[in-house]
Amino acid sequence: MAKRTGIEVSLAIAEAVRQSEVDVVSAYPITPQTHIVERLAEMVADGELNASYITVESEHSALSACIGASLVGTRVFTSTSSQGLALMHEIMYLASSLRCPIVMALANRALSGPLSIWNDHSDVMGERDTGWISIFSNNGQEAYDLTFMAFKIGENKQVSLPVMINFDGFLLTHMIEPIFIFNDSEIKNYLTLYDPTYRLDPKNPVTMGSVGLPEIYTEAKKQQDLALRNSIKVINDTFKEFKERFGREYNAVETYRADDAEVVIVMQGSIFESIQIVVDEMRNEGYKVGAVELRLWRPFPFDDLKSSLKDKKAIVVLDRAMIPGGPQGPVLSEVRSSMYLDKKRPMIIGVLAGLGGRDILLSQYKEIFNMGYDALKTGNEPEMAKIIGLRE
Amino acid sequence: MKIKEKPKLEELPFATIVTEPGTSEYYKTGDWKTLKPVVDKSKCIKCANCYIYCPDNAYEEDKEGYFNPNYDYCKGCGICVIECPAHCIGFVEEETE
């Protein structure tokens with residue numbers, strides 16, 4: 001049986017990587033991800049983890065090394081944050097187009113400038129279109145569990161794609177939480193040996209990463225789109241199997257008291273748990289409110305999201321990253337667009353909050369729910385997102 | 001030849017991996033050019049400079065010892081035109097077929 005232990009979330013993720021018996025780790029330290037890779041380096045040095053730890057001079061090289069290792073057919077892990085992920089940007093597309101099931105632990109952090117080491121979702125949103133599977137975790141237990149599921153999903157032959165697990169920098173990485181840590185044997189039975197469709201092998205030579213002439217590129221991109229789009233079935237099956245095996249439930253779209261709600265907040269990450277406190281308070285006051293979390297960001301869970309939102313009167317989308325000069329929030333823009341063709345849809349309002357580590361107070365979540373009620377009263381659906389707590 | 005030049009989506013190999021060696025031979029790269037070299041054999045001294053300098057190995061020697069460009073692979077760079085000491089290579093507009 002799994003044992004519940006008080007452990008820093010970063011160290012729990014490192015423990016998950018060890019238990020997943022990865023063959024290669026390549027990463028470059030960056031706040032707030034550092035403790036994960038530091039611990040892994042220690043494990044490799046001490047012989048607790050039988051893996052190659054490739055030290056590199058940058059994140060660009062880290063992900064490049066991961067791709068090479070993955071193409072040989074090994075299980076590969078990396079971890080980064082913010083500027084580190086931005087430096088990986090060019091290579092991110094190659095990892096997905098070469099269909100490398102690399103697992104990345106992404107400690108979500110704001111992008112410079114101004115320089116910020118604190119938490120928001122700018123980094124993951126910048127890599128939205130790189131073809132990776134992207135899943136959010138809301139607490140330490142989820143970050144730990146999803147690390148195993150990430151290998152399971154990515155390495156599935158029907159998927160064969162890289163997976164990033166998002167967890168809020170500092171809010172989770174540096175938190176000591178009570179986490180059920182598996183016995184090594186439970187994971188040994190859960191994760192089977194990675195068996196790629198093709199691997200770099202001198203005995204059976206193939207060419208990988210060749211040029212895509214104009215006659216090929218369009219079909220190649222569509223092939224990648226289909227792979228990512230169709231992976232949703234494997235992701236849902238993996239969640240289901242995990243629940244059957246270990247008892248903890250995961251869904252592409254998570255809901256809290258949303259079934260009969262009139263107004264819901266749609267968001268991602270650890271704030272899902274803070275909002276639940278406000279939902280309970282407002283429910284006691286008689287407001288029919290709820291929360292909906294887009295756990296799965298890529299592939300976008302169109303059907304699950306729609307079925308969670310279709311009966312609502314107003315939804316407020318809370319973004320933790322900004323699209324300057326555009327529709328303000330990436331999640332707002334995608335949720336709106338996914339419901340555009342629906343004959344009957346709720347009012348959709350956007351807010352930006354918690355940028356660059358700014359706290360979101362419980363009273364502000366209340367303010368956000370009230371924005372939904374105001375919209376219902378006035379019938380006014382503002383085009384632009386409102387920035388919560390902006391001094392002006 | 002297993003590889004098609006213009007495969008349909010479902011015919012495209014997984015991750016566009018090429019499982020057969022030497023497939024670049026299937027690609028005719030000569031359709032990039034706008035000007036093509038034309039050899040005037042009456043002035044040619046058979047020095048083979050065009051054959052040596054051609055970056056695409058597009059020149060082929062015929063039975064009489066003259067060198068002729070293979071337009072399937074000639075990209076129309078014009079290096080042979082410049083390098084020919086006998087000035088026997090003209091550079092003319094490619095006609096669309």
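The entries go from the overall fold to the domains, the helices, the backbone details and then the contact of the chains.

**Overall fold.** I noted at the outset that this is a predicted model. I looked up the secondary structure of chain A, which has twelve helices and 15 strands, and then its radius of gyration, which is 21 Å and close to the 21 Å that the globule rule gives for 392 residues, so chain A is as compact as a globular protein of that length. The C-alpha trace of chain A spans about 70 × 55 × 45 Å along its principal axes. I also noted that buried residues make up 48% of the 392 residues in chain A, and that, of the contacts in chain A between residues at least 6 apart in sequence, 79% join residues at least 24 apart.

**Domains of chain A.** I then turned to the domain assignment, which divides chain A into domain 1 (3-246) and domain 2 (253-387), with 28 Å between their C-alpha centres. Where the two touch, 26 residues of domain 1 of chain A are in contact with 18 residues of domain 2 of chain A. On the domain 1 side, the elements that give two or more residues are helix H5 (122-126), strand S6 (133-136), strand S7 (163-168) and H8 of chain A, and the largest share, five residues, comes from H8(A). I sorted that side of domain 1 by class and recorded twelve nonpolar, ten polar and four charged residues.

Next I looked at helix H9 (residues 271-284) and helix H12 (residues 362-378) of chain A, which pack at an angle of about 65° with their axes 9 Å apart, in a right-handed crossing. From H9(A) the contact takes A:Ser274, A:Ile275, A:Ile277, A:Val278 and A:Met282, and from H12(A) it takes A:Leu362, A:Tyr365, A:Lys366 and A:Phe369. By class, I recorded seven nonpolar residues, one polar and one charged in this contact.

**Backbone details.** I checked the peptide bonds and noted that the one from A:Ser112 to A:Gly113 is cis, with omega near 0°, A:Gly113 being in the loop between strand S5 (103-108) and H5 of chain A. The bond from A:Arg298 to A:Pro299 is also cis, with omega near -5°, and A:Pro299 sits in the loop between strand S12 (296-298) and helix H10 (302-309) of chain A.

Is B:His87 buried or exposed? It has 10 C-beta neighbours inside 10 Å and so counts as exposed, whereas B:Ala48, with 13 other C-beta atoms within 10 Å, is partly exposed.

**Contact of chains A and B.** Last, I looked up the contact of the chains, which takes 17 residues from chain A and twelve residues from chain B. On the chain A side the largest share, six residues, comes from helix H8 (residues 214-246), and by class that side has seven nonpolar, six polar and four charged residues.

Terms used
Residues are numbered from 1 along each chain as its sequence is written. Chains are lettered from A and ligands numbered from 1 in the order in which they are written. This is a predicted model: local features need pLDDT of at least 70, side-chain atom pairs count only at pLDDT 80 or more; totals for chains, interfaces and linings use all residues. Two residues are in contact if their C-beta atoms, placed from the backbone, lie within 7 Å. Helices (H or I, at least four residues) and strands (E, at least two) are DSSP runs, numbered from the N terminus. Ala, Val, Leu, Ile, Met, Phe, Trp, Tyr, Cys and Pro count as nonpolar, Asp, Glu, Lys and Arg as charged, and the others, Gly among them, as polar. Domain bounds come from an automatic or database domain assignment. The radius of gyration is taken over C-alpha atoms; the globule rule is 2.2 Å times the number of residues to the power 0.38. A residue is buried if 20 or more other C-beta atoms lie within 10 Å of its own, exposed if 12 or fewer, and partly exposed in between; C-beta atoms are placed from the backbone. Axes are lines fitted to C-alpha atoms, for helices over the stretch in contact, and angles run from 0 to 180 degrees between N-to-C directions. A crossing is left-handed if the near helix is turned anticlockwise from the far one by less than a right angle, and right-handed if clockwise.
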